[in-house]
Structures are given as structure tokens and as C-alpha cells.
Amino acid sequence: MLVNYLCRVAYLTITMIRECPEHGPFRGERCLCGATGRLVLDDARTERLGRFISGALRHFPDDLGLAISSKGWVDLNLLSEVMHERYRWATKKRLIAMIESDEKGRYELQGGRIRARYGHSINVDLDFEENTNSKLYYGTSQEEADIILENGIKPVRQRYVHLSTSIEKASEVASVHTENPIIIEVDAMRAQKDGILMMQATDEIVLTDEVPPEYLSQLK
Ligand SMILES: [Zn+2]
């Protein structure tokens, strides 16, 4: 269910990719400098490629014959080949443009390899820097909030629990599947002092195995 709603969030933010001769790939009609540039991928192809890469790096690398390391890395050339076999229009250059223009920073490129920063359903052991935010947030429905406050936050069909660095972001994520999100505040500083590992996957997302109830409180 969580995977589904994350995919829906992704879908809502998908837009075509264009390339500015001066500033490189960007999303939408115009680069920040005002140039329209040239088309790299239209909306439909951006969406299709996004779904494919998400599946390959987060959910079913084995089905595609892709070796994935315990830290989530896949060889970029290999991934490009598998992708290109399926979609002839999907070149490595276009893939890189998609990654580099992704405002959410979903993927990480490093030395000829690529990984998803978050959203895994497969078993990985990611190794990002430790979170430095003293408070983190998790948005949910009222019914779920009662269960969470009693039992803690546990991953649902995902490898990690995904926490937000701001109330706004937590609310935005939760509002995809509930109308009036309840925001749970996580005392991250205390949890980390007590030995719970929390990793900064992106500016907005922190990953952890689970959060026991003693670190949680509902924001009024
Ligand atoms: Zn530009």
C-alpha cells in the first residue's frame, strides 16, 4: 500500500525533461534562465522510464537479471543495457538527464554505478550519513495514528520507515492517501542517543528500521 502511494506521489510530479545548452537537463517548459532548450523526454516517456528505474532499483532487480549490492548499487552500464533492450528510445544519456533533473533526488550516481536513495521494498542496507535533525515527522490517518502511538512506526511493505524533515513534507506525503493527515513528531535526537540508527537519504527524507512508541508524540 505504501509502495503504491509512493508511486502515486511520483506520478503526480512527473513532467517532461528538456535540456538547456548552458545549464543541462531540467523539468518543465523552461530552464531557470528562461531558455526552452531541447526536448529530452516527453511526459509519457519520463513516466515510463521513471517507473522502470524505480522497479529496477527498488523492487525487482533480480527479475531483470541485475546484480545489486547490499548497499543498493547497480552497475550503470548494465542497467542502461537492460533498459535500452526494453525501450529503444531510452539511452544512457537520457537516463542520466532524468536522474540529474530529478528534484526529489530519488537516485544517486557515483563512479559508474547507480542506486535509489529511498523507497526500497527489497532488502538493502543503505549507508547514508546520520540524521542531524533533532525532530522528524510522520504523517498518517487518525486510525493509523492511534495504532502507531501504541506500537511505534514500522515499515509497511518497505525496507525502511520513511520520516520527513518538515511538518509540511510529512503532511504532503500523507495527504495522498488521507484527507486530514495527523502529524506524528519523532524525537530523533533522543532516539539516536539511545542507539537507533537514522540516515539522511535526501534533504527531506530520513530512513530508519522502526521507531518505538516512546519517541513519538502526536502534534496538536
Ligand atoms: Zn538555462
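Trainee: In the open sheet of 3 strands, what is the strand order?

Mentor: This is a predicted model. The pairing in the open sheet is antiparallel. Its 3 strands follow the order β4-β6-β5.

Trainee: Which strands stand at the edges of the sheet?

Mentor: Strands of a sheet pair through backbone hydrogen bonds, either parallel or antiparallel. An edge strand here has a single partner strand, so one side is left without a neighbour in the sheet. The strands in that position are β4 (74-75) and β5 (107-110).

Trainee: Which residue in β6 is the bridge partner of D75?

Mentor: Strand β4 and strand β6 (residues 113-116) run antiparallel. They are joined by 2 bridges. For D75, the bridge partner in β6 is R113.

Trainee: Which residues does I184 touch, not counting residues up to four places away in sequence?

Mentor: Neighbours up to four places away in sequence are left out of this list. What remains for I184 is Y137, Y138, T140, A145, I148, L216 and Q218.

Trainee: How far apart are the C-alpha centres of domain 1 and domain 2?

Mentor: The bounds are 11-116 for domain 1 and 135-218 for domain 2. Their C-alpha centres lie apart by 28 Å.

Trainee: What is the radius of gyration of the protein?

Mentor: The protein has 7 helices and 12 strands. For 220 residues the globule rule gives 17 Å, and the protein's value is close to that, so the protein is as compact as a globular protein of that length. Its radius of gyration is 18 Å.

Trainee: What share of the contacts with a separation of 6 or more joins residues 24 or more positions apart?

Mentor: Of the 220 residues, 31% are buried. Among contacts with a separation of 6 or more, the share from residues 24 or more positions apart is 71%.

Note on methods. Residues are numbered from 1 along each chain as its sequence is written. This is a predicted model: local features need pLDDT of at least 70, side-chain atom pairs count only at pLDDT 80 or more; totals for chains, interfaces and linings use all residues. Two residues are in contact if their C-beta atoms, placed from the backbone, lie within 7 Å. Two strands pair if DSSP finds at least two bridges between them. Helices (H or I, at least four residues) and strands (E, at least two) are DSSP runs, numbered from the N terminus. The radius of gyration is taken over C-alpha atoms; the globule rule is 2.2 Å times the number of residues to the power 0.38. A residue is buried if 20 or more other C-beta atoms lie within 10 Å of its own, exposed if 12 or fewer, and partly exposed in between; C-beta atoms are placed from the backbone. Domain bounds come from an automatic or database domain assignment.
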